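Please look over the sequence and the model below before reading on.

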Amino acid sequence: METRPLGRTGADVSVVGLGTWQLGGDWGDVDEETAGDVLDAALDAGVTLLDTADVYGDGRSEERIRKALAARSDRPFVATKAGRRADPFEAEQYTPENLRAWIDRSRRNLGVDTLDLVQLHCPPTAVYSDQRVYDALDSFVADGAIAAYGVSVETVAEGLTALEHPGVQSIQVILNVFRRKPLEELLPAAAARGVGILARVPLASGLLSGRYTESTTFGADDHRNFNRNGEAFDVGETFAGVPYEVGVAAAREFTAICGDRTPAQVALRWVVQQPGVTCVIPGARSVEQARSNAAAADLPPLTDAELADLERLYDERIRPHVHHRW
């Protein structure tokens, strides 16, 4: 699979990675055997970046990655996140002591001395401009607890603030056919500073797979059920913030544009070819999904005409419903 440099970390990573939120929780139940099979399938298909977080299943996702990698000789780049263990979830909780405790817990969960990458996990907006947080992260790099750090953001403005801090190596942001704002300013600014971009929610929580209808239901423990209006966390994480019925209707048009290609693969290919993107990190709940996602890297680039059709779809169907923060 094609690889690209991740910021200035010195690591080259596959253009399609694997997001592992679903291996911890909030997407319905994924048992341990299935989780291991999904990780193996992705790695066997050429994926070399795994994205996780300490709160995915309260550490379950990190632990499952450790167990899966223990049986393998190859070592992918593992990006994790820290900060959402804060209780209460306030900027004042992002102290050097708490950050250190969270990072040390992830090191134990993943079974490593040095974490490849730690990302601030969509913290309160004030954290992105708090120099003390970056000083703490710099100290963790200096003492070998982490090799590099970045941020995961909800808004373009948060990403631009983070770029003002020279130690930031990566920005993770929601980017997909239905969420285009990062293309305008954030991705060019990151590229100019040599900062990597990890694109999350690339399928708009599955909308862009074309498999859902207005009558599709999701389990009680699935965020696509309990967070549709932002009840549990930022609504942008669920269906990319697009009202469900609006997204389903637009996804039908998207599927028509895809022709005989798999819609999910076309959606991933779109992200991969956006200038400035390092790696797209779709999740997968089955071996088949993991293999199909990885295969998207082999699709020919979308044509100018197809890109124009997708932009028009966004302008007509999605843009009127976009939250101003994004």
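Glu 2 is partly exposed, with a relative accessible area of 40%, where buried means under 20% relative accessible area, exposed over 50% and partly exposed in between (1.4 Å probe, protein chains only). Its partner in a salt bridge is Arg 4, with the closest N and O atoms 3.1 Å apart, and Arg 4 is buried at a relative accessible area of 17%. A salt bridge here is a side-chain nitrogen of Lys or Arg within 4 Å of a carboxyl oxygen of Asp or Glu, and the structure holds 22 of them. This is a predicted model, in which local features need pLDDT of at least 70 and side-chain atom pairs count only at pLDDT 80 or more, while totals for chains, interfaces and linings use all residues. Residues are numbered from 1 along each chain as its sequence is written, and side-chain values use heavy atoms, with hydrogens and water left out.

Another salt bridge joins the side chains of Glu 32 and Lys 67 at 3.0 Å, N to O. Because Glu 32 lies in helix 1 (residues 32-44) and Lys 67 in helix 2 (residues 60-70), the pair ties together parts that are 35 residues apart in sequence. Asp 44 forms a salt bridge with Arg 72, the closest N and O atoms being 2.8 Å apart. Asp 44 belongs to helix 1 and Arg 72 to the loop between helix 2 and strand 5 (77-82), so this pair ties together parts that are 28 residues apart in sequence. Asp 44 is exposed, with a relative accessible area of 58%, and a network of salt bridges links Asp 40, Asp 44, Arg 72 and Asp 74.

Seen as a whole, the chain has 11 helices and 10 strands, which are DSSP runs numbered from the N terminus (helices H or I, at least four residues; strands E, at least two). Buried residues make up 56% of the 326 residues. Among contacts (heavy atoms within 4.5 Å) between residues at least 6 apart in sequence, 76% join residues at least 24 apart.

Two single positions complete the tour. Gln 265, in helix 9 (residues 263-272), is buried with a relative accessible area of 13%, and, leaving aside residues up to four places away in sequence, Gln 265 touches Ser 292, Ala 295, Ala 296 and Leu 299. His 321 is found in the segment after helix 11 (304-318) and, at 40% relative accessibility, counts as partly exposed; not counting residues up to four places away in sequence, His 321 touches Pro 243 and Val 246.
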